[in-house]
Amino acid sequence: MFDAQTTALLRTVLDEVRDGISRYETGVRAHVASQILEAARQGDLTIDGLRQAGSKALSCAPTKWRWLV
């Protein structure tokens, strides 16, 4: 469980990384969120480290999760 300050940081980074992702791409959004949380669980609580984890997750998200628009 994370404290309120860490939770706010996680939410901020998640919102930044997911900003360009359609709300309908739920698989991608969930994948990005899980990877940011995993980085935090492993002790990376820096904003840059969490952004990097989120960006990496976004770039590696399987294309089958993405809607063809």
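A residue counts as partly exposed when its relative accessible area lies between the buried cut-off, under 20%, and the exposed one, over 50%. Ile47 has a relative accessible area of 32%, so it is partly exposed. Bear in mind that this is a predicted model.

**Ile47 and its partners**
- Ile47 sits in helix H3, which covers residues 47–60.
- Set aside the neighbours within four places in sequence, and Ile47 is in contact with Leu9 and Val13.
- Leu9 is 38 residues away from Ile47 in sequence, yet their C-alpha atoms are 7.2 Å apart in space.
- Val13, one of those two partners of Ile47, is among the buried residues of H1.

**Length and start of H1**
- H1 takes in residues 4–18, and at 1.5 Å a residue its 15 residues should span 21 Å; the end C-alpha atoms are 21 Å apart, so the two values agree.
- Where H1 starts, Asp3 brings a side-chain oxygen to within 3.3 Å of the backbone nitrogen of Gln5.

**The two sides of H1**
- Which residues of H1 are buried? They are Thr6, Leu10, Val13, Leu14, Val17 and Arg18.
- Looking down the axis of H1, you find these buried residues within an arc of 120 degrees, so they line one face of the helix.
- What do the buried residues of H1 pack against? Their partners are helix H2 (26–41) and H3, and H3 is the helix that holds Ile47.
- Turned away from the buried side of H1 is a face that carries Ala4, Gln5 and Arg11, which are exposed.

Technical notes
Residues numbered from 1 in each chain as written. Predicted model: local features only at pLDDT ≥ 70, side-chain atom pairs only at ≥ 80, totals over all residues. Heavy atoms only, no water. Helix = DSSP H or I, 4+ residues; strand = E, 2+ residues; numbered from the N terminus. Buried < 20%, exposed > 50% of the residue type's maximum accessible area, 1.4 Å probe, protein only. Contact = heavy atoms within 4.5 Å. Expected span 1.5 Å × (residues − 1). Arc of directions from axis to C-beta. Polar contact = N/O pair within 3.5 Å; in protein donor to acceptor, adjacent residues only side chain to side chain.
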